[in-house]
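Subject: the model I promised you

Hi,

Here is the structure I said I would send over. Have a look at it first, then read my notes below.

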Amino acid sequence: MTTTPEKTPVQTPLTAPGEILHTGAADYPGLDEWRRLPIRQQPDWRDHPDFDAAVGELSSNPPLVFAGEVDKLKRRLAKVAQGEAFLLQGGDCAETFAGATADKISARVKTLLQMAVVLTYGASLPVVKMGRMAGQFAKPRSSDMETRGEVTLPSFRGEIINGFDFTEESRHPDPKRMVQAYHTSAATLNLVRAFTEGGFADLRAVQQWNKGFMENPAHARYESIAGEIDRAVRFMEACGADFDGLKRTEFYAAHEALLLDYERALTRIDSRTGEPYVTSGHFVWIGERTRELDGAHVDYLSRVHNPLGVKLGPGTTPEDALALIDKLDPQRDPGRLTFITRMGAKNIREKLPPLVEAVRDSGAKVVWVTDPMHGNTITAKNGYKTRQFDDVMDEVRGFFEVHRSLGTYPGGLHVEMTGDDVAECLGGSDIIDESAFDSRYESLCDPRLNHKQSLEMAFLVAEALTQVK
């Protein structure tokens with residue numbers, strides 16, 4: 001008997017059977033079958049006067065990413081599945097339109113680059129770098145409505161759908177927000193590409209990435225590594241070596257493919273192969289609340305050629321995992337499917353082993369990634385959602401322990417983090433306590449690790465990876 005993920009009310013299909021609203025990939029067989037299936041976590045905006053125009057504009061806009069880039073990522077993830085690389089995935093819980101500034105994006109990218117340097121240097125492994133950015137605007141909710149006092153309004157579902165302010169006007173779903181999300185994502189991707197291809201990611205500047213951040217033990221350790229890398233690079237230059245990989249890096253964009261109107265409108269047919277790709281991001285994942293085998297999300301994403309992720313919570317059974325592989329990766333293609341486990345520190349050592357054993361014994365080559373954030377959310381005494389840094393770290397340790405005991409490869413880390421000096425998760429070497437929340441808590445949804453905490457985590461993971469090899 002298999003279990004089903006956390007449920008919210010099932011909504012009716014978004015269009016009548018057979019109706020196709022989108023011009024992009026409109027004639028591809030089966031691509032609109034999801035419209036006939038149960039679907040969760042979607043706004044009710046079919047009758048909005050701007051819906052058709054917004055979808056039509058998205059359908060005719062240029063893709064945000066290209067099939068060739070997506071295929072390259074899949075090859076990189078195949079290396080991860082085979083234990084020859086490591087996936088680092090991080091970024092905001094929910095992006096905001098106002099947060100897409102050069103300073104905030106550069107701080108986030110810089111933090112991920114620092115984490116990747118620590119992992120690469122410490123574990124002598126290539127690191128696939130992927131941001132939860134340029135598309136992470138939609139969020140699942142446990143309830144469709146939110147009540148404050150005597151007022152009940154629709155829940156905030158991310159800025160691609162409605163606004164955070166608790167007013168009727170703000171909380172009413174507006175499909176024009178999808179167009180704004182597209183343009184914000186395009187601007188973010190342009191800036192990320194400029195950073196990672198134009199010298200910002202040059203390893204010869206590895207020490208400069210630490211400038212502007214307050215000192216703490218993690219930064220001191222990073223400075224030591226940066227000095228060693230700098231000496232190594234200077235040695236190679238003196239020998240006449242000029243490696244292109246020192247000057248730029250690959251960086252991929254990922255988000256939860258929650259809002260299917262948006263994903264469908266940005267699906268395009270690859271002129272090389274005639275196959276459909278979601279072009280809203282290189283990598284998309286299915287959340288714990290929408291991973292039902294007979295649901296719209298699993299059906300739709302089973303038909304596109306992007307590498308896919310699926311979040312697996314503590315209620316997942318081995319039968320669930322194997323059925324998802326059969327549906328999403330029937331060809332058993334390394335790099336196609338990533339399982340992102342979100343068990344919680346108290347569950348990881350008990351709940352993960354049966355899943356890993358079942359997948360291992362089936363012969364499937366999935367990428368195993370830990371999300372140590374979502375299973376460890378608590379409410380602080382002052383009402384803020386938060387996470388204990390020690391709990392997050394303990395889940396990471398448990399993830400590595402399980403894979404080490406089963407002879408499988410712990411392939412990656414998926415974290416909600418920021419490059420800013422926020423106070424949202426408790427603990428760390430520079431201890432964050434609840435008193436800092438009032439002035440430095442910025443997330444609209446879930447608490448994120450700040451820059452220092454993210455770097456501390458990278459050192460822990462690097463040490464754990466050295467024990468795997």
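First, the ground rules. This is a predicted model, with local features needing pLDDT of at least 70 and side-chain atom pairs counted only at pLDDT 80 or more, while totals for chains, interfaces and linings use all residues. Numbering starts from 1 along each chain as its sequence is written, and side-chain values use heavy atoms, with hydrogens and water left out.

**The overall picture**

The chain has 13 helices and 14 strands; these are DSSP runs numbered from the N terminus, with helices being H or I of at least four residues and strands E of at least two. Of its 469 residues, 58% are buried. Here buried means under 20% relative accessible area, exposed means over 50%, and partly exposed is in between, with a 1.4 Å probe and protein chains only. Among contacts (heavy atoms within 4.5 Å) with a separation of 6 or more, 76% are between residues 24 or more positions apart. The accessible surface comes to about 18400 Å², and carbon and sulfur atoms own 51% of that. Those areas come from the Shrake-Rupley method with a 1.4 Å probe, and for residues only the protein chains shown count as cover.

**The barrel**

Eight strands close into a barrel with parallel pairing, in the order β1-β2-β5-β8-β9-β10-β11-β14. Neighbouring strands of this sheet are turned by 25° against each other on average, direction ignored. For pairing, DSSP has to find at least two bridges between two strands. As for angles, axes are lines fitted to C-alpha atoms (for helices over the stretch in contact), and angles run from 0 to 180 degrees between N-to-C directions.

Five bridges pair β10 with β9 in the parallel sense, with Thr 338 of β10 as the bridge partner of Gly 309. Towards β11 (residues 367-370), β10 (residues 337-341) has four bridges, again running parallel, and Ile 340 stands opposite Val 369. Both faces of β10 are covered: Leu 337, Phe 339 and Thr 341 are buried on one side, Thr 338 and Ile 340 on the other.

- α11 (residues 389-406) lies across β1, β10, β11 and β14, at about 155° to β11.

In α9, the buried residues are Asp 320, Ala 321, Leu 324, Ile 325 and Leu 328. Down the helix axis they fall within an arc of 135°, so they line one face of α9; the arc is that of the directions from the helix axis to the C-beta atoms. Their cover includes β8, α8, β9, β10 and α10.

**The cores**

The largest nonpolar core has 91 residues, and those with the most contacts inside it are Leu 301, Phe 339, Trp 368, Leu 413, Met 457, Val 461 and Leu 465. By nonpolar core I mean a set of buried Ala, Val, Leu, Ile, Met, Phe, Trp, Tyr and Cys residues joined through side-chain atoms within 4.5 Å. Helix α3 (residues 102-123) gives the most to this core, with ten residues. A second, separate core of 27 residues includes Phe 97, Tyr 182, Tyr 262 and Tyr 277.

**Single residues**

Arg 193, in helix α5 (residues 176-197), is partly exposed at 27% relative accessibility. Tyr 252, in strand β5 (residues 252-256), is buried, with a relative accessible area of 5%.

Gln 41, in the segment before α1, has phi near 65°, a positive value in a residue other than glycine. Ala 134, in the loop between β2 and β3, has a positive phi of about 60°. Gln 41 is buried with a relative accessible area of 2%, and Ala 134 is buried with 1%.

Cheers
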